[in-house]
Amino acid sequence: MANRTPKILVFSTEKISDPAIDLAGLLKLHYPPIVYTVEVPCSSAVKSKWILHAFDQGFDGVFIAADGTDCSYDESCTEKTAQIISQTHALMKEQGIAPEKLKMAAICSVCAESFVKQMNGFADQLSEQ
Amino acid sequence: MEEKNKIGVYICHCGSNISDYVDVEKVREEVAKIKHVSISKTTMFACADATQNEIVQDIQENDLDAIVVASCSPKLHLDTFKNVAERAGLNPYNYVQINIREQCSWAHSDKPVQATEKAIQLVKSGIARVGYSEALIKTKISAENVVVVIGAGVSGMRSAIELADLGSYVYLIEREYFVGGRVSQWGELFTTNETGKETISRLYNKLIEYKNITLFTGAEIISNTGTVGNFDIQVKIRPRYIKPGCKVDPEKLQRVIDACPVEVPDEFNFNLTTRKAIYKNFESEFPEIPAIDPDHCTRCGECEKLCDDIDLGQKDEFVNIKAGAIIINTGYDPYEPKTGEFGYKEIENVITLPQLKRLIELNGEELIYKNKRIQNIGYIYCVGSRQKDGENKYCSRYCCTSTIYTAIVIKNKFKDIHNFHFDKSIRTYGKLELLYREASENGDIFLQFWDEDPPVVSSNGNGTVVSIKDMLSSGKEIEVDCDLVVLVTGMVPRQDNKIADILKAPIGRDKFFNEIHPKLRPVETVIDGVLISGACQGPKNISESVKSSLSAASKANSLVKKGEIELKPTIAFIDKNACVWCDECVKACPFDAIIKVQSNGKNVAEIIEAKCKGGGMCLPVCPENAINLKGYTDNEMEAMITALAD
């Protein structure tokens, strides 16, 4: 691990967190280039299967940039996304993957700085492991 | 489903926005090696007409079965390239947009080598995804050709008239008892010299002629369910306590007002004066009949004794409206300085610009404030705007012009006035610069300060003094005796902004409503069918507000006028063989879009297509993994992830 830069997969949401990630770019707020984003309509749509597939393929960390209370689909989004995290954590445990490799935080549509902070912190954390 | 084997890939320079940091040619070379890529090109501007035509030609001549465009954020040009695909006869869902600008070249402009590597991976993931893409057909839902416009200020009224002309039915909902919003508070306006009241009267008289506009005053939206095309809105209308058929007799009204024992600060005059519980802000205000303020009325009944048209027994009314689209037009509040900010509320002759404007209206031939004739006026600019350390970083745009115009009006209306402007640099943009020249020619004195050295307002026993280190005269310390100090306050979002929660409309960093894109989609929000215009989306002058309200009106009308709206076909679908009907998906769906049906002798789940919004909340809860979302299937998502991990 020490010789390799960790790779992070981010599930971002079309209407809420993706605009924040775009804004980070627009403001030239830098975060590690090993962060790769895939878009989903809502953070409560991410399947555990996809997260496990990412680890299986070699990603070191997975981050869900959640809609939080800003979700335009339903207010239950936060609770449902948290449920995905806990059910995936259980599956990761079964496969011997450290639970701290999967993180979630609500990223609002203008939370560019918060996103960058999360990514820098997560990359540092993964490098130390 | 067959994988695609003739894929076209286009990598954009975006002028130099991408190619300054990402080696686009290298990206092209790498992706050209992928087996199913038949065409790979770099382009200066993928969105340019010529390039769009070239892509159409490529698709048709080479019979491409999918395309990938790697350029800016899909928020900007997703639809542009969907249209390109459609024009070429390719299903728009056989196209994938990859963002190598906001999420690559700009974000990693500090590391161009790594940015190029990331761009290669991103484009490869797009190719992997499009390989599994399916041609999708849009579903259609009915839409009411009805638009709710919230706020009957100048821009809301203008939106309503425009929509009515375009053939939509309009419900115009105003929280106050009278129409006109902020504009009715202003006197003469630049450039027409028409007063705010006259502008509002003109609009109101036009508006009431339309049969397809219904105006509610004293009304607020209290709930909203439904989505674009079919919003279900509940409106609460507070009682006015005046019978609707009332014909106002001004003398009688004055007797009733005089009889009312309640006296409260008059917000219309920014608390410079007081008003009674029964009130009308000015004679020509609309609707013509007065209102009784339920929050302050004590129900003493004095007014009822004098007038049969008063009915204190009126109750709240509730109206349900079905609408296709909603335009938020709720305007702004003026910034309220903190106590002690430039002496506000501590030194008695410190007021705000909106108060000064009301003062001009309330005064006759002489400008009097607190029984003193005013001659020297000092204006301190950018109070509550362009704050270096405060929350409001933005420029409020209208205040420089408004102050200078007010200074000119005062000089013309009253004798022996001397205007002193303490500014941070004047922003009378465009033709408004003519006003700046006129004020200068009138002899107004302009002094300028830096952020770190703002002017100081102090009281010296004889009067009020404004001290400034004037940067236009090399930091010379100047003291000006002022009879009146006017704080030029900017715009802030409405303090009471419950409507944002009810409509789930997004708020930006400046706390105003947030559009999808200030240039490309300036009046739309991320909530389909909820549009914004006027000063509720950021500081604007009247002309800018009206322009945005017209834009919102035409956008709303184009959305609902066909009577049906095409919905994204990216909705959930169920593998009925795998489904064992556990009802977990039904519990997860917030839209009641999943029902139980019989299939091959067993109970299975089925998606009601018109109800599914494609959020995907049902996907992760299915224990059998029997649900997929079109456009985000396991195949597509996992192919992308594999390509990115490579």
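1. Helix H3 of chain B covers residues 74–87, 14 residues in all. From first C-alpha to last it reaches 19 Å, close to the 20 Å expected at 1.5 Å a residue. That expectation is 1.5 Å times one less than the number of residues. Helices (H or I, at least four residues) and strands (E, at least two) are DSSP runs, numbered from the N terminus.

2. This is a predicted model: local features need pLDDT of at least 70, side-chain atom pairs count only at pLDDT 80 or more, and totals for chains, interfaces and linings use all residues. Side-chain values use heavy atoms, without hydrogens and water.

3. Buried residues (under 20% relative accessible area, 1.4 Å probe, protein chains only) of H3(B) include Leu76(B), Phe81(B) and Val84(B). The buried residues pack against strand E2 (35–40) of chain A. Their partners in chain B are H2 (49–62), E3 (66–71), E4 (95–99) and H4 (101–105). Just after H3(B), Gly89(B) has a positive phi of about 85 degrees.

4. The contact (heavy atoms within 4.5 Å) takes 49 residues from chain B and 47 from chain A. The two chains bury about 4,200 Å² between them, 59% of it on carbon and sulfur atoms. Buried area is the accessible area (1.4 Å probe) lost on being put together, summed over both parts.

5. Chains B and A share 6 salt bridges, each a side-chain nitrogen of Lys or Arg within 4 Å of a carboxyl oxygen of Asp or Glu. Lys568(B) forms a salt bridge with Glu14(A), closest N and O atoms 3.0 Å apart. On the chain B side, H3, H4, H5 (112–131), E34 (627–629) and H16 (634–645) each supply at least two residues. H16(B) gives the largest share, 8 residues.

How values were computed:
Residues are numbered from 1 along each chain as its sequence is written. Chains are lettered from A and ligands numbered from 1 in the order in which they are written. Buried means under 20% relative accessible area, exposed over 50%, partly exposed in between (1.4 Å probe, protein chains only).
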